Amino acid sequence: MKKSYEIFCVVERGIAVICMVAILVIVFVAAILRTMDRPLNWAMDMSLFLAAWAILLGADVAYRSDRLVCVDILTNHLPEKARDVLRLVMEVIVLIFLLAM
């Protein structure tokens, strides 16, 4: 089970990277073609679609590796047990939010 989870994490990160590279290529090609009076009408829509997926997948990767940006001034002054309880409460809030979506 752990091996399949690791494979899933690598695939998820790879898809996020592919989305970002595709955005770069699409926007670059669209800019070049626009200067030649051959605009790609779908380039902006596709880049926004890919950006949404890259952000979603990238946020999940960052969350799992505990690398999300956070303000921890208050939590650093709490005792270890209170920090653990607060983290559990925050994860329950995130879970409720995701289930509501």
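This passage goes through the overall build of the protein and then one patch on its surface. The model is a predicted one.

Reading along the sequence gives the pattern α-α-α. The radius of gyration comes out at 19 Å, while the globule rule gives 13 Å for 101 residues, so the protein is more spread out than a compact globule. To put some lengths on that, the C-alpha trace spans about 65 × 35 × 25 Å along its principal axes.

What about contacts and cover? Among contacts with a separation of 6 or more, 58% link residues 24 or more positions apart. Of the 101 residues, 14% count as buried. The protein exposes about 8,700 Å², and carbon and sulfur atoms supply 74% of that area.

Now for the surface patch. V17, V21, L24, V25, F28, V29, I32 and M36 form a nonpolar patch, and together these residues have about 750 Å² of accessible area. One of them, V21, makes a handy example. V21 sits in helix α1, which covers residues 2-35. Is V21 buried, partly exposed or exposed? Its relative accessibility is 47%, so V21 counts as partly exposed: the cut-offs are under 20% for buried and over 50% for exposed, with partly exposed in between.

Technical notes. Residues are numbered from 1 along each chain as its sequence is written. This is a predicted model: local features need pLDDT of at least 70, side-chain atom pairs count only at pLDDT 80 or more; totals for chains, interfaces and linings use all residues. Side-chain values use heavy atoms; hydrogens and water are left out. Patches are made of residues with over 30% relative accessible area and no salt bridge: like charges are joined within 9 Å, nonpolar side chains (Val, Leu, Ile, Met, Phe, Trp, Tyr) within 5 Å. Accessible areas come from the Shrake-Rupley method with a 1.4 Å probe; for residues, only the protein chains shown count as cover. A salt bridge is a side-chain nitrogen of Lys or Arg within 4 Å of a carboxyl oxygen of Asp or Glu. Helices (H or I, at least four residues) and strands (E, at least two) are DSSP runs, numbered from the N terminus. Buried means under 20% relative accessible area, exposed over 50%, partly exposed in between (1.4 Å probe, protein chains only). The radius of gyration is taken over C-alpha atoms; the globule rule is 2.2 Å times the number of residues to the power 0.38. Contact means heavy atoms within 4.5 Å.
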